[in-house]
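Hello,

I am passing on the structure we talked about, with some notes on what turned up in it. Please have a look at it before you read on.

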Amino acid sequence: RIYPLMRVTLTTSDGASVTVSRQLTKHSGFIEKAITDMAVDDNAVPLSAVAVDVDDATLKLVIEWLTEHRDDALPYPEKTDEERRADDIPAWDQAFVQKWDTKEDQQQTLYAVITAADKLDIKGLLDMTCKTLANKINGKTVEEMREILQLECDFTEEELAEIRKENAWCEN
Amino acid sequence: RPGMTRDLVGSVDGITTMGQISFMDLPDDMLINIFTHLDHPSRFKLRLNRRLNQIQLSVKNKLDVIELKTNSDAYELSVKPSNLLSSIPFRDFDKLELGLRRLVLNTHVNGICIVMGDSNELNTRIIDAFVHFDADKMFLGSFLHQLPRLNSSILLSITQNISHVNFSCKFHSLSTQDLCIIRKTMIESDCKLQYFYADVGNEIREYFAKECFGVTLDDDSTHIHRISDDNSFSHTRSCFQSVEGDVQSTIRRNYLTFEKVITTAHSC
C-alpha cells in the first residue's frame, strides 16, 4: 500500500538531498525495497534518507520522468521479444529526451539515465531509454554505429575479416 | 533495522560520478536490452568489439521466414520480419555459408524456404547450414527437379532441429536408406521432427516399401504383396499406410509422409 502524501528523502552520490513523494518512488524497485527494509511500522516510514548511487543532475531527470509517469500502471508489463518495438515511445518521452540535445553531450546524459534507471530499478524509464539508444543506431552501417557509439575496435585483422564475411548477408 | 540502514548508507561510498560513461560501461543486461530493440541486421552489425560480439550471441533472434533462391549467378536471401533482401554472388559463397552458420547459433525461424536450381557440393553445404536452424517448418524445392545430395549428418540435423519438413521435388538423391534413417529416427528417438514429406519416384517408393515394410507395391498401389508378417498396415487403391511406435508412414503414388500421431489407429 502506497501513501501518496508521504515523502522520502533521497541522498545522491554527490551529496545532495532530494525529497520526493512516495507516489513517484513506487515506480523504483530499489527505493521501494530500501523503504520497506527500513520501515518501522505499517505506515512504511523510512528511518533515514535512502542513499541512491545516482548523481544529483541525473536524479533530477529521473524525477522529472517519474513525475510525468506517476500514474502509470504497476507492475510494468513484461514484453516478449515479439512484442518489443522501438517505435512506440510516447510523445512526452520523446520530447523529454530531445531536450537533452541542447546539452553538451546528449549521449552521456542518455547513458547516465539508463544507468540510473537500472540502479533504481525503474523498468519503464529503462525500457524507454534503451529504445531511444537503439533508435539512434538501428539501420545504420557498421561505421556509422561505431562513430555514434564512439567504440574502439579490439578485433584482430583476421577476426574483423571473419565478421565482415559473416555479416555480408545483412550489409549487402 | 539499523544494520540495513547502515548498509544502504554505506553504498554511497564507492559511488562514481555519472559524468563520464561510455556505451561499453553499460552492464551486459542493458546492452542485451538495447540489442533486443534493434532489427536483426542491426543486431549483427553491432558486433563492433569482442564483448558486443559475445553479447549478441545471448540475444535470441526470432525470424518469421528465411527464403533462399538461386538465380543464374547469385543467391537471393530474403529475411522477414526485417524485410531484408540480399543478393550474394556465387563467388561469395563462403560469406553466405559463414553468415548462416553464425545466424543459426541463436536464431529460431518459423519457416525456411529453399529453392535451388543446381545439385552441387556448395548447395549441399548451404542446406547443411540451414538444417542447423531451430525451425518450425522447412520447404526444400528445386526448379530443376534435382536437389543436392544430403549426407546422414544433414538428415540427422533435420530430425533434431526442424518440426515439419517438405521435400517438394523429385528428389533423386534421397535414397531408400535415407528415408529409412529418417523414419527410424522418428520412431526410436525423441527427435523434434513431427512431419516429413518427400516427393518420390516409383523406384524409390517401391524399394522403400519393400525395405521398410516387406511389401511390394505395383505402380498405383492397387495390389500389395505381403512378404513379411512383421508389420501391421492398411491400404486402399492409392495409399499404403503403416503405424509403428507413434509414427504413421504413408506411401502414395508420388510422395510419402512420416507423421507423429497420438493414436495408434491407422487407416488410409
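In this predicted model, 58 residues of chain A are in contact (heavy atoms within 4.5 Å) with 53 residues of chain B. The two chains bury about 4,900 Å² between them, buried area being the accessible area (1.4 Å probe) that two parts lose on being put together, summed over both. Carbon and sulfur atoms give 62% of that area. On the chain A side, A:Lys165, A:Glu166 and A:Trp169 lose the most area to chain B, together 15% of what that side buries.

Between the chains there are 3 salt bridges, each a side-chain nitrogen of Lys or Arg within 4 Å of a carboxyl oxygen of Asp or Glu. One of them joins A:Lys165 to B:Asp94, with the closest N and O atoms 3.2 Å apart.

Over all chains, the structure holds 19 salt bridges. A:Lys131 and A:Asp88 pair at 2.6 Å, N to O. In chain B, B:Glu97, B:Arg101, B:Arg125 and B:Asp128 form a network of salt bridges.

A note on conventions: residues are numbered from 1 along each chain as its sequence is written, and chains are lettered from A and ligands numbered from 1 in the order in which they are written. Local features need pLDDT of at least 70, side-chain atom pairs count only at pLDDT 80 or more, totals for chains, interfaces and linings use all residues, and side-chain values use heavy atoms, leaving out hydrogens and water.

Best wishes
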